[in-house]
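Subject: Structure for your review

Dear colleague,

I am handing over the structure below, together with notes on what was found in it. Please read the notes with the coordinates open beside them.

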Amino acid sequence: MVSVSVIVNVEKRTASVPPETTLLKLLRESFNLTGAKLGCDVGDCGACTVIVDGKLVNSCLMLAGQVDGRDILTIEGLATSDRLHPIQKAFEDKGSLQCGFCGPGVIMSAKWLLDENPNPSVPEIRDALAGNLCRCTGYTKMIEAIQTIARESAKA
Ligand code: FES
Ligand code: FES
């Protein structure tokens, strides 16, 4: 067994798991954080996207043992009990209503992008979302939502 101690969404969490346990499995099964989803399990779909020490990662491709001592942000860490995160609100307002499978990963990629680059161009937004597959709604509304946040932060 591997002992893992991490900060997840500003809270210290520990677990003891088999060495082959992925970060995704750690989050979902040890910490009951089920926002990140198991889609492809091979790094292609982005459904499992989370942020580790400020870097966007596919949690299906990382082992739990690799995140010991690190800082993790998941979709559950964005909204408060009574308020959506501004990115989630912008997606809602723009009608970018993603399903529960792609949505959490898309929002985490948007969060990472806007943290890194508060005023991204459309090609930069497309690049940031390139690892998140949605086969149904298209990407136009997602891009508009991210542009809205960028415009609002430029005004602030
Ligand atoms: S489940 Fe991790 S990228 Fe698809
Ligand atoms: S809305 Fe989730 S896969 Fe298209």
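Predicted model: local features only at pLDDT ≥ 70, side-chain atom pairs only at ≥ 80, totals over all residues.

Helix H3 covers residues 103-116, and its 14 residues reach 20 Å from the first C-alpha to the last, close to the 20 Å expected at 1.5 Å a residue.

Residues are numbered from 1 along each chain as its sequence is written, chains are lettered from A and ligands numbered from 1 in the order in which they are written, and side-chain values use heavy atoms, with hydrogens and water left out.

H3 is mostly covered, since eleven of its 14 residues are buried, where buried means under 20% relative accessible area, exposed over 50% and partly exposed in between, with a 1.4 Å probe and protein chains only. Among the buried residues of H3 are Val106, Ile107, Met108, Leu113 and Leu114. What covers them includes strands E3 (49-52), E4 (55-58) and E5 (71-73), as well as helices H2 (86-93), H4 (122-128) and H5; contact means heavy atoms within 4.5 Å. H3 lies across E3, E4 and E5, running at about 35° to E3, with axes taken as lines fitted to C-alpha atoms, for helices over the stretch in contact, and angles running from 0 to 180 degrees between N-to-C directions.

The sheet itself is open, with five strands in the order E2-E1-E5-E3-E4 and mixed pairing; two strands pair if DSSP finds at least two bridges between them. Strand E2 (11-17) and E4 stand at the edges with a single partner strand each, so one side of each is left without a neighbour in the sheet. From one strand to the next, the twist averages 40°. Helix H1 (residues 23-30) lies across E1, E2, E3, E4 and E5, and runs at about 105° to E2.

Strand E1 (residues 2-8) pairs with E2 in the antiparallel sense over seven bridges: valine 2 stands opposite valine 17 in E2, and valine 8 has glutamate 11 as its bridge partner. The two strands form a hairpin with two residues between them, and asparagine 9 in that turn has a positive phi of about 50°.

Asparagine 32, in the loop between H1 and E3, has a phi of about 60° and counts as exposed because its relative accessibility is 62%. Aspartate 53, in the loop between E3 and E4, has a phi of about 50° and counts as partly exposed at 43% relative accessibility.

Threonine 74 lies in the loop between E5 and H2 and counts as buried at 1% relative accessibility; leaving aside residues up to four places away in sequence, threonine 74 touches Val8, Asn9, Leu27, Leu33, Val50 and Met108. Threonine 148 sits in helix H5 (residues 140-155) and is buried, with a relative accessible area of 15%. Threonine 148 and alanine 90 are 58 residues apart in sequence and 6.9 Å apart in space, C-alpha to C-alpha.

With kind regards

Conventions. Helix = DSSP H or I, 4+ residues; strand = E, 2+ residues; numbered from the N terminus. Expected span 1.5 Å × (residues − 1).
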